[in-house]
Amino acid sequence: MTLSARKAAAVAVLGAALAGCGSGPSGPPQGAGQARLASPAPSGPATASTQASPSAPASPSASPLPGAPAGVPVLAPGANGLTPVFERTRQRTEKTVALTFDADMTSDQGPRAASGERFDNPDLIDSLRRLKVPSTVFMTGRWAEEYPDQAKAIGTDPNFEVANHSYSHHAFKSPCYGLPALDGEAARADVDRAFAAFRKAGAVNTVPYFRFPGGCYDDQALKALVPAKVTAVQWDVVSGDAFAKDPDAVAEQVLAGVKPGSVVVMHCTRSAAPVTEQAIQKIVPELRKRGFRFVKVSELMGK
């Protein structure tokens, strides 16, 4: 299979996963891997006013949690004061890249976790530590509640920063791969609830960044987030790790897509992205061989 065919297949599988995963008895069978994962682009184009200008200046912002890193950069508000969106750094000559990992768990997946399904991936986190790869983990509040010890360990390790991926992993724009949708007030409350879950778990290395479930957003979603004073973070490289079985194919896709200043979306969910840790073992040394330096999103955004 060619690389372009692999990319197309990864996008198709990811979209199908989002359409039915985590939906209870009516969803796909357990073996299909039902965790809802981030998608490779906003579903449905946002208008031009939803996108922060690539040249919008970064500025320090107060962190949403006490004890969190000070002076974390955020983008200036977008058009009409909407929440800005970051996809890739403005500075595209220095070979820096941010690996990001979505720790996904929906608000209704507790029974599946209780029955033994694993939505965490401690081996991946251990490998990132061992390889000394600074990373940003976009965590749902429900994940932090299910794995409070891991959330605290990640959120107190200087190698990582914790960003908000909502509490429930419900959609902030509809349609979005079949995800249940939240209205403006409920969407904002969902973001606040996630930050509260991080606080309760003791994850202090939090940053004022937010990733939309499914990657779906529009002007209304960006407006709903304004009071939260976060910067929305998307990506320009899709790893294809969702439900992948071949770590080499995942690694090849990432290596083919990374450019200076890239943001790569991957997953920290063992049951739905089982080969991510193996792919990292190939991605990290090869990118370093090519002269790339790994950074957190906060460092990339500050450039």
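Is Tyr-177 buried, partly exposed or exposed? With a relative accessibility of 25%, Tyr-177 counts as partly exposed. Here, buried means under 20% relative accessible area, exposed means over 50%, and partly exposed is in between (1.4 Å probe, protein chains only). A few notes to go with the structure above follow.

1. **Ground rules.** This is a predicted model, where local features need pLDDT of at least 70 and side-chain atom pairs count only at pLDDT 80 or more, while totals for chains, interfaces and linings use all residues. Residues are numbered from 1 along each chain as its sequence is written, and side-chain values use heavy atoms, with hydrogens and water left out.

2. **The loop with Tyr-177.** Back to our opening residue: Tyr-177 sits in the loop between strand 6 and helix 6. Helices (H or I, at least four residues) and strands (E, at least two) are DSSP runs, numbered from the N terminus. Tyr-177 is not a glycine, yet its phi is positive, near 55°. Pro-175 also lies in the loop between strand 6 and helix 6, and the peptide bond leading from Ser-174 to Pro-175 is cis, with omega near 5°. To put that in context, most residues other than glycine have a negative phi, and most peptide bonds are trans.

3. **Another positive phi.** Have a look at Asn-80 too, in the loop between strand 2 (72–75) and strand 3 (85–86). Asn-80 has a positive phi of about 60°, although it is not a glycine. At 73% relative accessibility, Asn-80 counts as exposed.

4. Which residues of helix 3 are buried? They are Leu-124, Ile-125, Ser-127 and Leu-128. These residues cover an arc of only 160° around the axis, so they are on the same side of helix 3. (The arc is that of the directions from the helix axis to the C-beta atoms.) Over on the other side of helix 3, Asp-123 and Arg-130 are exposed. The buried residues pack against strand 4, strand 5, helix 5, strand 6, strand 10 (262–267) and helix 9 (276–289). After helix 3 comes Lys-132, with a positive phi near 55°.

5. **Helix 5.** Helix 5 covers residues 148–155, and Ala-151, Ile-154 and Gly-155 are buried there. Looking down the axis of helix 5, you'd find its buried residues within an arc of 90°, so they line one face of the helix. What covers them includes helix 3 (122–130), strand 5 (135–139), helix 4 (141–146), strand 6 (160–164) and helix 6 (184–201).

6. How many salt bridges does the structure hold? There are twelve, with a salt bridge defined as a side-chain nitrogen of Lys or Arg within 4 Å of a carboxyl oxygen of Asp or Glu. One of them joins the side chains of Asp-102 and Arg-211, at 2.8 Å from N to O. Asp-102 lies in strand 4 (residues 96–103) and Arg-211 in the loop between strand 7 (206–210) and helix 7 (219–225), so the pair ties together parts that are 109 residues apart in sequence. Asp-102 is buried, at 0% relative accessibility. Arg-211 is buried as well, with a relative accessible area of 0%.

7. **Salt bridges inside helices.** In helix 3, Arg-129 and Asp-126 are three residues apart, about one turn of the helix. Their side chains meet in a salt bridge of 3.4 Å, N to O. Arg-129 is partly exposed at 29% relative accessibility, and Asp-126 is partly exposed at 38%. Then there is the pair of Asp-192 and Arg-188, with the closest N and O atoms of their salt bridge 3.1 Å apart. Asp-192 and Arg-188 are four residues apart in helix 6, so about one helical turn separates them. The general rule is handy here: an α-helix has 3.6 residues a turn, so residues three or four places apart point the same way. Asp-192 is partly exposed, with a relative accessible area of 34%, and Arg-188 is partly exposed at 24%. Elsewhere, salt bridges that share partners join Glu-94, Arg-293 and Glu-299 into one network.

8. **Asn-121 in its loop.** Finally, find Asn-121 in the loop between helix 2 (110–114) and helix 3. Asn-121 counts as buried, at 5% relative accessibility. What does Asn-121 contact, leaving aside its neighbours within four places in sequence? Asn-121 is in contact with Cys-268, Thr-269, Arg-270 and Ala-273, where contact means heavy atoms within 4.5 Å.
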